Amino acid sequence: MSSKGPRWTQTWLGGIRSAGIDLGYPGERLGLPEEGSGSIAGWGRRIAALVIDWMICTWAVVQLLLRMNPAEQPWAPAVVFAVQYLILVGFMGQTFGHRLAGIRVAAMDGGNPRWLPVLVRTLLLCLAVPALIWDRDHRGVHDRVSNTMVVRM
């Protein structure tokens with residue numbers, strides 16, 4: 001075995017980058033900066049925003065305002081999440097969780113996304129699976145279908 005190249009298990013387990021192939025940073029193909037404002041948001045920020053939004057929907061809205069038990073009506077937090085996501089991203093380009101995490105949803109031209117893409121994005125995000133499949137620019141299926149991206153503020 002040669003010591004010059006990676007073992008086949010390293011390329012399979014470690015991904016294509018471990019084979020020495022440089023794909024660039026996330027967002028480079030989109031013409032975005034590598035870091036700072038306008039760069040692609042990392043997974044930590046996106047997950048933090050999702051957790052914050054989910055807690056707001058489940059605890060603050062469903063339990064406190066609507067006086068519903070999420071264990072008895074498990075559809076309620078999902079419906080509240082979808083409605084708040086649609087309204088807030090449609091009007092402001094970000095939810096409360098996005099704001100606290102320092103990120104926003106942007107159209108591919110950098111502006112706020114239009115209503116139809118936000119509606120499609122929201123429906124796909126509520127299905128969860130499209131958000132778990134992403135490309136090297138950290139854009140999930142819901143981002144690609146709606147022609148949006150999540151960037152840092």
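Visitor: Where does Arg136 sit?

Guide: In this predicted model, Arg136 lies in the loop between H5 and H6.

Visitor: And what is Arg136 in contact with, leaving aside its neighbours within four places in sequence?

Guide: With those neighbours set aside, Arg136 is in contact with Leu23, Pro26 and Arg29. The C-alpha atoms of Arg136 and Gly24 are separated by 9.0 Å, although these two residues are 112 residues apart along the chain.

Visitor: Is Arg136 buried, exposed or partly exposed?

Guide: Arg136 counts as partly exposed, since its relative accessible area is 33%.

Visitor: What about Asp135, buried or exposed?

Guide: Asp135 is also placed in the loop between H5 and H6, and at 15% relative accessibility it counts as buried, because the cut-off for buried is under 20%.

Visitor: Which polar contact does the side chain of Asp135 make with another side chain?

Guide: The partner is the side chain of Arg144, with a polar contact of 2.6 Å. The side chain of Asp135 also reaches the backbone nitrogen of Arg139, at 2.9 Å. Not counting residues up to four places away in sequence, Asp135 touches Arg29 and Arg144.

Visitor: Let me step back to the whole chain. How many helices and strands are there?

Guide: The protein chain has six helices and two strands, and from the N terminus on the elements run α-α-α-α-β-α-α-β. Of its 153 residues, 37% count as buried. Among the contacts with a separation of 6 or more, 58% come from residues 24 or more positions apart.

Visitor: H2 next: how far does it reach from its first C-alpha to its last?

Guide: H2 has 23 residues and reaches 31 Å between those two atoms, which is close to the 33 Å expected at 1.5 Å a residue. Just after H2, Arg67 takes a positive phi of about 55 degrees.

Visitor: Which residues of H2 are buried?

Guide: The buried residues in H2 are Arg46, Ala49, Asp53, Cys57, Thr58 and Val62. The elements that cover them include H3, H4, S1, H5, H6 and S2. As background on spacing, an α-helix has 3.6 residues a turn, so residues three or four places apart point the same way.

Visitor: Cysteines now. How many disulfides does the count come to?

Guide: The count comes to zero disulfides.

Visitor: How many aromatic pairs does the structure hold?

Guide: The structure holds four aromatic pairs. In one of them, the ring centres of Trp43 and Trp134 lie 4.8 Å apart with their planes at 55 degrees, so the pair is tilted. That pair links distant parts of the chain, with Trp43 in H2 and Trp134 in the loop between H5 and H6, 91 residues apart. Trp43 is partly exposed, with a relative accessible area of 27%, and Trp134 also counts as partly exposed, at 48% relative accessibility.

Visitor: Which residues do ring pairs link into a cluster?

Guide: The cluster consists of Trp54, Phe81 and Tyr85, linked by ring pairs.

Methods: Residues numbered from 1 in each chain as written. Predicted model: local features only at pLDDT ≥ 70, side-chain atom pairs only at ≥ 80, totals over all residues. Heavy atoms only, no water. Disulfide = S-S within 2.5 Å. Phe/Tyr/Trp six-rings, centres within 6.5 Å; stacked < 30°, edge-to-face > 60°. Helix = DSSP H or I, 4+ residues; strand = E, 2+ residues; numbered from the N terminus. Buried < 20%, exposed > 50% of the residue type's maximum accessible area, 1.4 Å probe, protein only. Contact = heavy atoms within 4.5 Å. Polar contact = N/O pair within 3.5 Å; in protein donor to acceptor, adjacent residues only side chain to side chain. Expected span 1.5 Å × (residues − 1).
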